[in-house]
Amino acid sequence: MVQDLSLHLLDIIENSSRAESKLIIISIEVDELKDRMKIMVSDDGIGMDEKILARAQDPFYTSKLERVKKVGLGIPLFKQNVEQWNGCFMMKSTPGCGTSLYAEFQFSNIDRIPLGNLTDTLLGSIIGHSEIDFDVRLLHRMDIGTFEYEFKTATIREELGDIPITYPDVITYIENDIKNGILNTKMEEI
């Protein structure tokens, strides 16, 4: 059983990386005033046709060839959870153009699992897939205001020039930037 949303997100990012993506866009929006939470992930990978897209949501199918047991619970479990949290789940894909996943659900639902360690999920994904560009957007609407954070690896790469994104000082910078973004959007307690 997945303990938090960041682990669902990690599974989705891994799927996108296996799909030969060059860019992964991640958006997490919390609107406490409307009692909704949205998670959107899109990539520019190889995409899927209608048949494979349907199978990707089947708990008894996996595209991972290295597995002996042909079961893939990541997306089906996330879909099931989202629907149990009074939400909706959609995936769209076009061969050669990428895949988009959209989940929206009730923020205050008593069964909703916490967001979890988003810093480690994002940092691990960025460093573990340093060949992929990541665009991350966090948005949190509360009665005291709206808080936003954006992070783009392409911007960092531009500033770094020949220095790799996996250089230790760069990793520390990225980690601190993500942590501060999560704190400034007041998402650390979600």
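Is N109 buried or exposed? At 11% relative accessibility, N109 counts as buried. Here buried means under 20% relative accessible area, exposed means over 50%, and partly exposed lies in between, with a 1.4 Å probe and protein chains only.

This is a predicted model, in which local features need pLDDT of at least 70 and side-chain atom pairs count only at pLDDT 80 or more, while totals for chains, interfaces and linings use all residues. Residues are numbered from 1 along each chain as its sequence is written, and side-chain values use heavy atoms, with hydrogens and water left out.

**Confidence**

The predictor's confidence in each residue, pLDDT, runs from 0 to 100. Its mean over the protein chain is 92, and 92% of the residues reach 70 or more. Over residues 67-71 pLDDT stays under 50. Where pLDDT is low, the predicted coordinates should not be read in detail.

N109 sits in the loop between strand 4 and helix 4, and T99 lies in strand 4 (residues 98-106). Helices (H or I, at least four residues) and strands (E, at least two) are DSSP runs, numbered from the N terminus. T99 counts as buried because its relative accessibility is 13%.

A contact means heavy atoms within 4.5 Å.

| Residue | Relative accessibility | In contact with |
|---|---|---|
| T99 | 13% | V41, S42, D43, G47, M48, M91, K92 and S93 |
| N109 | 11% | Q84, W85 and N86 |

The side chain of T99 also makes a polar contact with the side chain of S93, at 2.8 Å. A polar contact is a pair of N or O atoms within 3.5 Å; within protein, one must be able to donate a hydrogen and the other to accept it, and residues adjacent in sequence count only if both atoms are side-chain atoms. The side chain of N109 reaches the backbone nitrogen of D111 at 2.8 Å.

**Helix 5**

Helix 5 (residues 153-160) has the buried residues T153, I156 and L160. Seen down the helix axis, they fall within an arc of 60 degrees, so they line one face of helix 5. The arc is that of the directions from the helix axis to the C-beta atoms. These buried residues pack against helix 4 (118-128), strand 5 (133-142), strand 6 (145-152) and helix 6 (168-184). The face turned away from the buried side carries the exposed residues E158 and E159. After helix 5 comes G161, whose phi is positive, near 65 degrees.

How values were computed. Lists of a residue's contacts leave out its neighbours within four places in sequence.
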